[in-house]
Amino acid sequence: YAATADATDDATRDATRAATRAATDDLRRWFTGVGDMYTIANLFGNPKFLLGCAFGAYNFWNGGNQWSGWCGMISFFRHIVRLPLDFSKWEHYEMAALHGGPRLMHKNFCIISDRPRTLKVDEQNRPHCANGPFCQWSDGTALWAIHGVRVPAWIVAHPDRISGAAIRAEENAEIRRVMIERIGIEKFVRDANLTPVQTDDCGRLYRLDDGTQMVEVINATPEPDGSFRRFFLATGPSGEIQTAAQAVADSFGLNIETYRALRAAGMVEV
């Protein structure tokens, strides 16, 4: 029993580490900093230990004024409701949120940052900048997003590098959609060698030159300007998916009959 428990604990730890690494890799895609942490760690002579410390430091991460909802709620009860509580310890946290940015908090010390010098959003208050980082600090550290979608910096900074092959290689559907929007549907269809093979009320099915397929659909919810966004979704193999409707149903994990019934009832949208 003990051996089994130990093995289970090891598997859990390994899974947690893998998930954490995956999340960190995803973060790096939309986060750009100054300098190379690996190079800096090597200069101090013990890179493995120092990088481990830096990685673990994010356990102390606190969003500060970026977590304004939590700060606002407690400050509301302090300043507006005026609850008769002792807020003396909270006051330090509140002042740090008012005057600074994210921080690393430890019981013995606090590493703080200034507010970003650049902070941009779109008309729906989503993080957005089409020609640079939406958020950037004075040291050059930056975050990148298009209409709320976190994207790798190069997609914004170097849209000329976006190609049909790069789009096809992107696994995240939202990032893939942004990439297509950046270069235009027509250019993507041309560069990716997409061939339309079937069209129905659910969308248009394309087959790529290597035999894989994608389906083009239109978002049922209009944008603020009244336009409708067009998406490309990966589909199953051509032997199993032969129509756009089948491809869309498959993206919901449904067969075509169940999907049609739910769509008719207004329970799913394309």
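Leaving aside its neighbours within four places in sequence, with which residues is Val151 in contact?

## Basis of the description

The structure is a predicted model, in which local features need pLDDT of at least 70 and side-chain atom pairs count only at pLDDT 80 or more, while totals for chains, interfaces and linings use all residues. Residues are numbered from 1 along each chain as its sequence is written, and side-chain values use heavy atoms, with hydrogens and water left out.

Beyond its neighbours within four places in sequence, Val151 is in contact with Arg29, Trp30, Trp144, Ala145, Ile146, Val156, Ile175 and Val178. Contact here means heavy atoms within 4.5 Å. Buried denotes under 20% relative accessible area, exposed over 50%, and partly exposed the range in between (1.4 Å probe, protein chains only).

Helices (H or I, at least four residues) and strands (E, at least two) are DSSP runs, numbered from the N terminus.

## Helix 10 and its surroundings

Helix 10 spans residues 244-251, and its Ala244, Ala245, Ala247, Val248 and Ala249 are buried. The buried residues of this helix pack against strand 10 (195-200), strand 11 (203-207), strand 12 (213-218) and helix 11 (256-264). After helix 10 comes Gly253, with a positive phi near 75°.

## Aromatic pairs

The whole structure holds six aromatic pairs. Rings of Phe, Tyr and Trp (its six-membered ring) pair if their centres lie within 6.5 Å; planes under 30 degrees apart count as stacked, over 60 as edge-to-face and the rest as tilted. Trp30 and Phe134 form a stacked pair, because their ring centres are 6.2 Å apart and their planes stand at 5°. Since Trp30 lies in helix 1 (residues 2-30) and Phe134 in the loop between strand 5 and strand 6, the pair ties together parts that are 104 residues apart in sequence. Trp30 is buried, at a relative accessible area of 9%, and Phe134 is buried at 8%.

The pair of Trp90 and Tyr93 is likewise stacked, with ring centres 4.9 Å apart and planes at 20°. Both residues lie in helix 5, three residues apart, about one turn of the helix. An α-helix has 3.6 residues a turn, so residues three or four places apart point the same way. Trp90 counts as buried at 12% relative accessibility, and Tyr93 is buried with a relative accessible area of 15%. Elsewhere, ring pairs link Phe188, Tyr206 and Phe232 into a cluster.

## Nonpolar surface

Tyr58, Trp61, Trp67, Trp70, Met73, Phe76, Phe77, Ile80, Val81, Leu83 and Leu85 make a nonpolar surface patch of about 1100 Å². Patches are made of residues with over 30% relative accessible area and no salt bridge; like charges are joined within 9 Å, and nonpolar side chains (Val, Leu, Ile, Met, Phe, Trp, Tyr) within 5 Å. A salt bridge is a side-chain nitrogen of Lys or Arg within 4 Å of a carboxyl oxygen of Asp or Glu. Accessible areas come from the Shrake-Rupley method with a 1.4 Å probe; for residues, only the protein chains shown count as cover. Helix 4 gives the most to the patch, five residues. Val81 lies in the loop between helix 4 and helix 5 and counts as partly exposed, at 38% relative accessibility.

Ile112 is located in strand 4 (residues 110-112) and is exposed at 65% relative accessibility. Neighbours within four places in sequence aside, Ile112 is in contact with Pro102 and Arg103.

## Positive phi in loops

Most residues other than glycine have a negative phi. Arg82, although not a glycine, has a positive phi of about 60°. Arg82 is found in the loop between helix 4 (68-80) and helix 5 (88-99) and is exposed, at 63% relative accessibility. Asn125 also has a positive phi, near 65°. Its place is in the loop between strand 5 (118-119) and strand 6 (135-136), and Asn125 is exposed with a relative accessible area of 59%.
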